[in-house]
Amino acid sequence: MMKLTENQLNTLQEVFNIGVGRSAGVLNEMIGLHICLEIPWVKVLSPLEAKQELGKRLGVNPLSTVRLTFSGTLTGNAQLVFPTDSAYELVSLLTDGDLISYDLDSLKIGALTEVGNIVLSGIMGAMSNLLQQDFEYLIPNYLEDSVEHLLAITDYDSKQTILLAQNSFKIENMPIKGNIILLFKLGSFDNLLAAISRLMDSDDE
Amino acid sequence: MMNEAVRHLTNNFEILDRLPVGAMVLSSDFIVLFWNKCLEAWTNIPKTEIVGQHIEQYFPHIMQPKYAMRLKQIFAGGPPTIFSAQLHRHFIQAPLPNGALRILHTTVSPVPPGDRQGYYALVVLQDVTDVTNQIQEYRVMRDRALAEIEERKQAELALSQKTQELEQRNFELTQLSKMSNLLQVCLTLEEAYKAIAASVQILFPDISGALFRIDEAGEFVELVANWGDLFADLKSFMYSDCWALRRSQAHWVTQIHPSLMCKHIHSQPAEYCCIPIIAQSQALGLLYLHTPQPGKLTPDKQLLVGYLTEHISLGLANLKLRETLHYQSIRDPLTGLFNRRYLEEFLNREIHRAVRKKLPLGMLLLDVDHFKQLNDNFGHEAGDRVLRELGQFLQKSIRSSDIACRYGGEEFILILPEANLENSTQRAIQIQQGIRQLEIRHQGQVLNRITTSVGVACFPSHGATAEEVIRAADAALYLAKKQGRDRVEVA
């Protein structure tokens, strides 16, 4: 399996961190509440390990996810993941109450998707700027399922390598917690390393 | 150059005219490059008019930061962006035939122009008015259904509470009936009070209380039973200290109905009640319940106390009636002494006891001298008077373990358990002499001195059975009569 040096990992972690920070800022502006970020976590894993690791980190309960899939020199997806009850609370916060029942109809899903879209655009914009990469995106979509299905890594070759970055956050004074996940496919790994080293070099200059 | 670009695009994007959704293309300087047929229909703005114009001229709100900032990200090649129907209902104003604005779900994607740098924005607008309205109607319906379910839940809860109440009523009635049955078989008031106290405790498990008896004279109230927490109030008090007794009706002091406190209550109960127990219009006792917690003596409990006291009154009245009947069946109505029937019962019992304990038993058979003459001279009323006076005297002259009976006519028997012949004879002489001292008046007239003849016999020396001892005493009495009356003879 391909390995990253500690420097490369640190750089990547920093890039991810900047992106997440920007996303959190966007979310903060939308709901008017402070977002508490935890320490980001970045690791190179096999698809199976990635699945296990995420299962451990996100739990087995159903999750609500907004996913933004991208391709180009780097391929992968960015996801905003909530436990479903946090998703209900967030929608309720955005639409001024109406939380009589815990179900998400298409209106609420639309609102949640828009929020996810804005947050994920924030992080991808930052990544794109820092790594000086252009991405092509699919329209963001909403999914509700278990960890295993949400990550869509079953179609990845088991011998391949995945770069997984995850950052959990909480919304101040609200029972809302969530995760931002970034996943790069192996095929784009060399391009990523090249982008990182360019960034590191430019720092040295 | 713009015209050239527009022409180029119009050719390129003509396919969008075939879509059943609104679609437009904006350049990075917010110029409308394409406007599809669907939008023409929705807005009544023809393509020929709007294409080439700044969007702000038709829809100025698009230039607000919340739209413009996100569109600028698209022009920079950022990810597609969604303006959801919930958060941004009208990306543009597109009225329906009825005048209401269409609710739109808007998706904006970057489109590379192909021939140069930067991106155009492809704006796709979906009319979700129907879906939104349906969802909102559904929400209203759902809320109503939920409210109904909640209502039904409340009704079920109320029903289950009612059922519980009924069960409690049933339990109470069963207890009341049990207590009544128990009172039926009580022989004395003491037993009855115990039975009542036990039942009240079961009926009011978390309420303390006491039962009082009222003395014969109706002056004092005395504690006979109490239960529950430490009972600090007086054990006996004056009848007049209790409002309930004075007014012959229940006296309640509760949170809802505060009232005067009875004088006999010295602790400070939050709530209490005094209920007189009245049988045959005579107050026999008092039921007292108290609790340190307010709200315990509920109207339900008050009703139950009412039933309870009715049962108690009835039970005690029965008991008193039975006591009277029993008294009447074993007493001689004229003298108040025991009758011959009771004598036989008592004598048999006492002789058994004497045998078992190897003790003697004395018997005095006493007859009024010249009683027939007395009747003839002064009338039967005078004779009755003498017998009554004798009865009272004999009752006073004996120990509590002895009994005095009217044996028939002017004949009396005294049974002296554990007395030997010597003691019995001595007692006979005392009694015989005592009678001689009696001064009996009848209609203002002092009657002649009454004398009696007495025969004394003793068990076991004069017989092994009651009959034998009575026969021996009778023989001794006969001897006394024969020897001139007014004397004591021993068998």
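How many salt bridges does the rule find across the interface of chain B and chain A? One. The tour starts there. Bear in mind that this is a predicted model.

**Stop 1: the salt bridge**

Select B:Arg70 and A:Glu114. They form the salt bridge, and their closest N and O atoms are 2.9 Å apart. Now show polar contacts between the two chains. Six residue pairs are in polar contact across the interface, with both residues at pLDDT 80 or more.

**Stop 2: the whole interface**

Interface size is often stated as the accessible area lost when the parts come together. For chain B and chain A, about 2,000 Å² is buried between them. Carbon and sulfur atoms carry 60% of that area.

**Stop 3: helix 4 of chain B**

Go back to helix 4 of chain B and pick out its buried residues. They are B:Tyr67, B:Ala68, B:Arg70, B:Leu71, B:Ile74 and B:Phe75.

Why look at the spacing along a helix? An α-helix has 3.6 residues a turn, so residues three or four places apart point the same way.

What covers these buried residues? The cover includes helix 4 (106–131) of chain A. From chain B, it includes strand 1 (22–26), strand 3, strand 4 and strand 5 (120–127). Then step just past the end of helix 4 of chain B. B:Gly77 takes a positive phi there, of about 85 degrees.

**Stop 4: chain B as a whole**

Zoom out and show chain B as a cartoon. Its secondary structure comes to 13 helices and 18 strands. The chain has 491 residues, and 46% of them are buried. Take the contacts in chain B with a separation of 6 or more. Of these, 56% join residues 24 or more positions apart.

**Stop 5: B:Ser313**

Select B:Ser313, in helix 8 (residues 299–330) of chain B. Is B:Ser313 buried or exposed? It counts as buried because its relative accessibility is 14%, and the cut-off is under 20%. A polar atom of the B:Ser313 side chain lies 2.9 Å from the backbone oxygen of B:Ile278. Beyond residues up to four places away in sequence, B:Ser313 touches B:Ile277, B:Ile278 and B:Ala279.

**Stop 6: B:Asn375**

Move on to helix 10 (residues 371–378) of chain B, where B:Asn375 lies. At 13% relative accessibility, B:Asn375 counts as buried. Leaving out neighbours within four places in sequence, B:Asn375 is in contact with B:His380 and B:Gly383.

**Stop 7: two cysteines**

Finish with B:Cys186 and B:Cys458. B:Cys186 is buried, at 6% relative accessible area. B:Cys458 is buried too, at 1%. A disulfide is a covalent bond between the sulfur atoms of two cysteines. How many disulfides does a search of the whole structure find? Zero, over all chains.

Technical notes
Residues are numbered from 1 along each chain as its sequence is written. Chains are lettered from A and ligands numbered from 1 in the order in which they are written. This is a predicted model: local features need pLDDT of at least 70, side-chain atom pairs count only at pLDDT 80 or more; totals for chains, interfaces and linings use all residues. Side-chain values use heavy atoms; hydrogens and water are left out. Buried area is the accessible area (1.4 Å probe) that two parts lose on being put together, summed over both. A salt bridge is a side-chain nitrogen of Lys or Arg within 4 Å of a carboxyl oxygen of Asp or Glu. A polar contact is a pair of N or O atoms within 3.5 Å; within protein, one must be able to donate a hydrogen and the other to accept it, and residues adjacent in sequence count only if both atoms are side-chain atoms. A disulfide is a pair of cysteine sulfur atoms within 2.5 Å. Buried means under 20% relative accessible area, exposed over 50%, partly exposed in between (1.4 Å probe, protein chains only). Helices (H or I, at least four residues) and strands (E, at least two) are DSSP runs, numbered from the N terminus. Contact means heavy atoms within 4.5 Å.
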